[in-house]
Amino acid sequence: MENKSVGITISQCAKTYADGTRGLHPTDLTIAPGEVLALLGPSGCGKTTLLRIIAGLETPDAGSRIMFGTSDVTHIPIEKRQVGMVFQHYALFPQMTVQANIGYGLRIRGASADEQRRVVGELVDLVRLNGLENKRPAELSGGQRQRVALARAVASRPRVLLLDEPLTALDAKLKEQLRDELAELLRQLRITAVHVTHDQREALAIADRMAVMQAGRILQVGNGESLYRQPAHPFVATFLGRVNQIERSAGHAARNQLELGGVTQACPDHCAGATQLLVRPEDVEIHGMDYPGSVPATIARRVFLGDHLQLTIKVAGHQALLADVSRDHPAQAGDQVGVFIAPHQWMPNRADL
Amino acid sequence: MRHHPQKMPPAMWLITAIVTLFMLTPMLLSVMAGLVENYGQGLSSGLTTRWLVEVWAGYGNTVVVSLLLAAVCVGVTLLLGVPCAYALARSRSRWAHHFEELLTLPVAVPGLASALALLLAYGSVAHFRQSFAFILVGHVVFTLPFMVRMVGSALRRKELVALEEAARSLGASFTQRFLGILIPAVLPSIVAACLMVFTLSMGEFNLTWMLHTPLTRTLPVGLADSYASMRIEVGSAYTLIFLIVILPVMWVLQAMGHFIEKHYGK
């Protein structure tokens, strides 16, 4: 299919509701043509508001500007913005068949019957709905409905595709499978897409870059790996995965050292100055007491989670730490162990830098 | 999963049977009264259809009038009520809520009072006063709230708001999404509301009794007239005719409703 995707430039976009609450603080964001960007955050963080502003379903405050490529769409209504949208519960037209749903946008724009048939046929192949063309949405499974919604949204070759929590309505197992399918389809379509989700795994699997949002602001934008490894904000660190937080005294912070269980160790340069350090549970290693460089600790709790063990460990003078270890690890609750954290795994809590 | 039907306890059976019998007796007596020669003597006086024939000769036209009036009333409430329901459902103004309450007022206010107000305002416009349009207006005032309420609550459903947004994102204009998406999506509610309006208009007596002229009588007004002025057998025969006319109409309308529900509902 011919690609009309353009980049999106959002400048100083804000949304203040009638009662004075700020749904979105002035926000700048640039999305490259063909890029898939996830807006990631908990409910009420403003991600859906931002998506609806890009779509044209919400009017942003004065001074906001949205560009699709080189055209300013700030004051263009959604009907004329040429966006494709996939809704949380798909919003398929219940009285129409699968092919009528997919072809709706083309029909509205007055495409010829031949073109409608051709495009709908192509999309039915693409999203593997062959044989279901004449079914109604009520007769489809959740995953099939989701694919119809996607096909309908891209049928009239939108400039931008907007996905509002497209996988929320599915159960966990199916979600995982469809997440990879969706990522694959978006790559095939090479369409600029903004994908709203509260599920960090979904964002990691689908998006090229993600913008983590909290309380109406974008905290950090970057690809999943850099956000996971170098979170600029403790919220980003906790939202993308679990972290342990460890306090250190002003004196240790000044010398960039950490005292853990009576052992003082040097910290990497990027941690200098931070009074709070972060470390991910999968980076906490559990060894025997005699392991070189390890800190004495006690296993307080052992939880078997199938693909790994989650251990809660007590180190004297600190809050309990979480450690994720392989499911075959011999540790049992009550064991005395040596905890080792490789120095380069420590992340500074940048909010207090 | 297998579904085990719950067994009804005997006491429940008994209560159901008593209530059913209590409710059916008056209906059966009424039907019988219309078919016997002399109600005082009961069945021993013999069965006859002459009361039915007499009623049909005297009041047959009221049956046609009532059916037509109810049909036109459905049409008018559709044209006025569905757009009104949409406007109220999508309005963010708090006045919309007050307006909807006001609209419901004619249901609470006795029909006699509404009718009196209509007479005071338009009673002097002779052509209007003497035509069926005058009664139609009364019926619309009384039934419109039901149409607006039922269709409005369907249009307020979250999925409907999303359907409309989806249609907008695909480029549909207001008319295209209203007629092509919203109306079909709430069709079961619209059909149910039509059925309600038809039924209410068919049986409306209060307002109609105040508004009618000797030349503009509906079935319930004729019924009251026959009860007041004739033998009990004639009145009962009239009831029987009412049932004979209304039951098949209701069945057909309900069957249509079910059909649409099945094919357009979720």
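This is a predicted model: local features need pLDDT of at least 70, side-chain atom pairs count only at pLDDT 80 or more; totals for chains, interfaces and linings use all residues.
Let me begin with one pair of residues: Arg302(A) stands opposite Leu311(A), which belongs to S17(A).

Stepping back, we find an open sheet of 5 strands in chain A, and its order reads S15-S19-S16-S17-S18, with antiparallel pairing. At the edges are strand S15 (285–287) and strand S18 (321–326) of chain A, each of which pairs on one side only. If we ignore direction, neighbouring strands of this sheet are turned by 50 degrees against each other on average.

Now to the domains. For chain A, the domain assignment gives domain 1 as 8–240 and domain 2 as 245–352, and the C-alpha centres of these two domains of chain A lie 39 Å apart. Between them, 5 residues of domain 1 of chain A are in contact with 5 residues of domain 2 of chain A, and the side of domain 1 that touches domain 2 has, by class, 4 nonpolar residues, 1 polar residue and no charged residues.

Finally, the contact between the chains, which takes 19 residues from chain A and 17 residues from chain B. On the side of chain A that touches chain B, strand S6 (83–86) and helix H2 (98–108) of chain A each supply at least two residues, and the residues of that side divide into 12 nonpolar, 5 polar and 2 charged.

How values were computed: Residues are numbered from 1 along each chain as its sequence is written. Chains are lettered from A and ligands numbered from 1 in the order in which they are written. Two strands pair if DSSP finds at least two bridges between them. Helices (H or I, at least four residues) and strands (E, at least two) are DSSP runs, numbered from the N terminus. Axes are lines fitted to C-alpha atoms, for helices over the stretch in contact, and angles run from 0 to 180 degrees between N-to-C directions. Two residues are in contact if their C-beta atoms, placed from the backbone, lie within 7 Å. Ala, Val, Leu, Ile, Met, Phe, Trp, Tyr, Cys and Pro count as nonpolar, Asp, Glu, Lys and Arg as charged, and the others, Gly among them, as polar. Domain bounds come from an automatic or database domain assignment.
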